[in-house]
Amino acid sequence: YAGIAGAIGVTVIDSDTTAQIGANAQINLGSGNYAVPANGVGTDQGVWVGASNRVSLDQFTVGVAGGFVGVAGAISIGRIVNDVNATIGASADVRARSAVEVNALSDKSLTGFTLSGAGGAVGLGASVSVYSLGSTFDSTYEDDESNSDDALEGDGSGDGENTATGEASKQSANSSDQVGGSLGELQGEDPDAEPGTSTKDSRANTGIGLAQSKLNASESTTSTQLGLLSAASAQPGVIAKVEAGSTIVTAGRVDVSAHEAIDAEMNSGQFAAGIAGVGASVSILNLSSNVRAQLGGSVTAAGAVTVKANGKRVADMLTIGVQAGFVGVGAAVTVLNDSSVQGAEVLGSTKIDDASSILVKATNTQDLTANTYTLQGGVVAVGVNFTRLSADDGNAGTLDTFATIGNDTDIGMLYRTSKVDF
């Protein structure tokens, strides 16, 4: 007897949050203009442009099989791309007595648990978990000898015939066909109503027909969702921006801030037991923030001018593989990549006048942990552990965290800068 079980979970979350004052808009230039004493504008007058987005995902995928030959697999794949944009558009004219603020905030949280177990005279199992947050989905990885592999390729051939995404699409189609066939048999058991009449049987037949139509539509929906794994974002990242050509005048402060926090915890485990216990557990997490705060145009502010970009990522990964039997063979792989960028910029040709202080600041906080364990027991026991943690994009020419004041920027109308990097 053979026990075969498989579980595949696919999650794609892609949303955009936008707040903006559009190009050529005029804010507080009439009766709201604080600079005209007769308007009697209060001291708390301000303009706030804020966009925020929060997503929290708890994912659990489990596959267990038992029999003379036990074969089990659990695969979980997904992508979270939530873009946030807060903007004051080009040629907009904004006035406020106390403050002008442009803020973009993103908070992403992922908790993942993937487990496969197989038992029998021969136990074969695999557990695969691949997630990308803020980046294009990527299931490939390299070992320390630059040999590459794809965690979702079942046979390593690269021909696309045996992949997790392909299997997910096939399973969806098979499930829809099976349920649709059963509904069709049930529908055939009930006689149709006479013309012009309505009975409980005819109403049931109509409902079953609608259910079959939705099942057929769900097959194409699943294919569309799988395609979203690799779809490009139109304007990726968390971006707070005052466009070049705009004007801001305030008796108070100007703040342009972009912040993103990512918290991810992924646990992946695999267990195989039998006379021969063979298994593998693979877990891959890709993080890629694009956090930008940008100030352009003409700014007159009696208070402080602040441009801040802050990225914070906390990730904890645990991958475990256990194989037991006369022959125990296993492997466990953990890959954690963080290629995020944080940038605070005063754009070239910007004019800042009358400010009490100017702060341009970018911060990057990374707390990354990856642990990999394998345990084999038997007369013949072979195990392999592999862990790779990358905290940058691997390109020495890339600025991962930067704060700049661009070329030809006028500060206080007395000093014109060449580009300044901090």
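## Briefing: strand pairings, cores and salt bridges

Arginine 292 counts as partly exposed at 23% relative accessibility, where buried means under 20% relative accessible area, exposed means over 50% and partly exposed lies in between, computed with a 1.4 Å probe on protein chains only. The structure is a predicted model, in which local features need pLDDT of at least 70 and side-chain atom pairs count only at pLDDT 80 or more, whereas totals for chains, interfaces and linings use all residues. Residues are numbered from 1 along each chain as its sequence is written, and side-chain values use heavy atoms, with hydrogens and water left out.

**Overall build**
- The protein chain contains 2 helices and 25 strands, which are DSSP runs numbered from the N terminus (H or I for helices, at least four residues; E for strands, at least two).
- Of the 422 residues in the protein chain, 42% are buried.

- A nonpolar core is a set of buried Ala, Val, Leu, Ile, Met, Phe, Trp, Tyr and Cys residues joined through side-chain atoms within 4.5 Å, and the largest one here has 36 residues, of which Ile88, Leu295 and Val299 touch the most other members.
- A second, separate core holds 15 residues, including Ile262, Ala264, Met266 and Leu287.
- Beyond its neighbours within four places in sequence, isoleucine 88 contacts residues that include Ile21, Val49, Val102, Lys241 and Glu243.
- Threonine 87 lies in strand β4 (residues 69-88) and is buried because its relative accessibility is 14%; leaving out residues up to four places away in sequence, threonine 87 touches Ala19, Gln20, Ile21, Val49, Val102, Lys241 and Glu243.

**Salt bridges**
- The whole structure holds 8 salt bridges, each being a side-chain nitrogen of Lys or Arg within 4 Å of a carboxyl oxygen of Asp or Glu.
- Arginine 54 pairs with aspartate 107 in a salt bridge whose closest N and O atoms are 3.6 Å apart, and this pair links distant parts of the chain, with arginine 54 in strand β3 (residues 46-66) and aspartate 107 in strand β6 (residues 99-119), 53 residues apart.
- Arginine 54 is exposed at 62% relative accessible area, whereas aspartate 107 is partly exposed at 28%.
- Glutamate 243 and lysine 241 meet through their side chains in a salt bridge (3.6 Å, N to O).
- Glutamate 345 forms a salt bridge with arginine 292 at 3.9 Å between the closest N and O atoms; because glutamate 345 lies in strand β18 and arginine 292 in strand β14 (residues 290-295), the pair ties together parts 53 residues apart in sequence.
- Glutamate 345 is buried, with a relative accessible area of 14%.
- One network of salt bridges with shared partners joins Glu101, Arg253 and Asp255.

**Around strand β18**
- Glycine 343 is also found in strand β18 and, at 0% relative accessibility, counts as buried.
- The C-alpha atom of glycine 343 is 6.4 Å from that of alanine 293, although the two residues are 50 apart along the chain.
- Not counting residues up to four places away in sequence, glycine 343 touches Val291, Arg292, Ala293, Ala309, Ala362 and Phe402.

- Serine 349, in the loop between β18 (341-346) and β19 (351-353), has a positive phi near 70° although it is a residue other than glycine.
- Aspartate 408, in the loop between β22 (401-405) and β23 (409-411), is likewise not a glycine and has a positive phi of about 60°.

How values were computed: Contact means heavy atoms within 4.5 Å.
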